[in-house]
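Visitor: I'd like to go through the ligand sites in this one. Can you put it up?
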Amino acid sequence: MATRTGAWAAVAAAAVVAVLSAALALYGSPLDAVLKRAFSLHNAHSVKGMEDALQLVRNIVPPLTAKKHKGQDGRVGVVGGCREYTGAPYFAAISALKVGADLSHVFCTQEAAPVIKAYSPELIVHPVLDSPDAVHDVGKWLPRLHALVVGPGLGRDDVLLSNVKDILEASKARGIPIVIDADGLWLIAQQPALIQGYQKAVLTPNHVEFSRLSEAVLGDPLDGQDRRGAVLRLSQALGNVTVVQKGERDVISDGKQDAHAGTHTLCQPWSLQQSVPMSGPAGKSEVTLGGPSSTRAPPPQCWECSQEGSGRRCGGQGDLLSGSLGVLVHWALQAGPERTDGFSPLLVAAFGACTLTRQCSHQAFQKHGRSTTTTDMIAEVGPAFSRLFET
Ligand SMILES: NC(=O)C1=CN([C@@H]2O[C@H](COP(=O)(O)OP(=O)(O)OC[C@H]3O[C@@H](n4cnc5c(N)ncnc54)[C@H](OP(=O)(O)O)[C@@H]3O)[C@@H](O)[C@H]2O)[C@@H](O)CC1
Ligand SMILES: Nc1ncnc2c1ncn2[C@@H]1O[C@H](COP(=O)(O)OP(=O)(O)OP(=O)(O)O)[C@@H](O)[C@H]1O
Ligand SMILES: [Mg+2]
């Protein structure tokens, strides 16, 4: 109840911010640009500010108490790691731990295992992915896992992909939340049916991976001018799987309508939204619906994260994001829709992971500048998390 009251207060505050920023936009104030840069929730009539969205993430973070035992705050599995790529699964798995998971497993090939183990004594590494019994060997751990991150450093070997396909099926049968990234997305582009309609899946494509998926699922060449529309279409075509398109801004959607449709009276400045220049490639809001009295169904919701990151584009940042997301998805689903004020827990988790990754990038860049690497970003996970979510 307290949470809901707090959330309503935050929503009211967000409405005020929206009205102020709309007014300021008319005069071209730089403050408007700052507000817009932080966060925007497009095509939804509940205009929520950055603080509001961050509060939803804070709501899902489990308290640290003496009453819990090891494992309760998250046992995450990363499926990936082969001869070529050992860094990616390490980045994902260590990020899960640094965010707050209790145990982090990596399921990789035999060859990759000793390398990944040598990076960190904190990871539990299973050299099983290329064994004839891979599906059984991973399967026996599934009952103990809260979330799976599939794809970082997996590679595209047919035998591995075939094993991963069966692991995905087994995980879905158990209702395990699955984050799919990197070469896991390559597999989904070959066989979209694997993830079709699975409501506990989040896909985290970069630009290239998104184009590939879009082509495979929709037969569409990517329209770079309409990123939000492209994400909505892909999510809907996949049966409302949550999609996080990474980029200059991260665009997040499950293709569904705002959970608050028709219920939020405080947050319906539709006409203001239309008049406010929105951030994004198109430069303008695409909201075209009528005012609060409109009886037309609101459009599906689409979140954008434009937390300040850095200009550094070193490899591995996406792995940090997918590993963090593994934990946050578990926390969000465990917390339930009441703690997320009716919004999809997966959207809240995705927004949290995007914000955190970009904040890590920002903080690391302030210290290391051009020499920033993903390892430097991982060192910032703790401070960035505290700053964003534990204030
Ligand atoms: N240390 C490690 O072990 C790491 C391992 N990793 C692992 O590598 C595997 C393959 O993943 P991936 O991301 O390199 O493959 P994919 O999506 O095919 O991209 C290939 C090419 O696409 C382009 N390109 C990429 N982004 C773009 C953009 N935004 N906008 C435009 N173009 C863009 C770019 O092409 P180029 O510019 O060279 O023409 C790029 O070279 C996977 O397992 C992953 O987990 C990584 O996680 C990193 C750390
Ligand atoms: N042009 C950009 N400006 C600012 N941030 C960006 C930009 N492109 C990507 N990012 C951020 O970098 C992080 C990783 O996204 P990216 O597209 O690099 O993933 P990736 O290619 O999968 O990374 P990886 O090298 O781990 O495979 C995300 O948090 C994203 O928001
Ligand atoms: Mg990647």
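Visitor: How far is an oxygen atom of ligand 1 from an N or O atom in the side chain of Asn206?
Guide: The distance is 3.4 Å. That is a polar contact, a pair of N or O atoms within 3.5 Å. This is a predicted model: local features need pLDDT of at least 70, side-chain atom pairs count only at pLDDT 80 or more, and totals for chains, interfaces and linings use all residues. Residues are numbered from 1 along each chain, chains are lettered from A and ligands numbered from 1 as written, and side-chain values use heavy atoms, without hydrogens and water.
Visitor: What is the distance from an oxygen atom of ligand 1 to the side chain of Asp319?
Guide: An oxygen atom of ligand 1 lies 2.8 Å from an N or O atom there. For the side chain of Arg156 the value is 3.2 Å.
Visitor: How much of ligand 1 does the protein cover?
Guide: It covers 51% of the 920 Å² of accessible area that ligand 1 has on its own. Areas use the Shrake-Rupley method with a 1.4 Å probe.
Visitor: Switching to ligand 2. Which side chains have an N or O atom 2.9 Å from an oxygen atom of ligand 2?
Guide: Asn206 has one. Arg358 has another. The protein buries 77% of the 620 Å² that ligand 2 exposes alone.
Visitor: New topic. At what angle do the axes of α7 and α8 cross?
Guide: Roughly 85°, and the axes come within 11 Å. The two helices are therefore roughly perpendicular, a label for angles of 65 to 115 degrees.
Visitor: Which residues of α8 make the contact?
Guide: Asp183, Trp186, Leu187 and Ile188. Contact means heavy atoms within 4.5 Å.

Note on methods: Axes are lines fitted to C-alpha atoms, for helices over the stretch in contact, and angles run from 0 to 180 degrees between N-to-C directions. Helices (H or I, at least four residues) and strands (E, at least two) are DSSP runs, numbered from the N terminus. Angles under 35 degrees count as roughly parallel, over 145 as roughly antiparallel, 65 to 115 as roughly perpendicular and the rest as oblique. A polar contact is a pair of N or O atoms within 3.5 Å; within protein, one must be able to donate a hydrogen and the other to accept it, and residues adjacent in sequence count only if both atoms are side-chain atoms.
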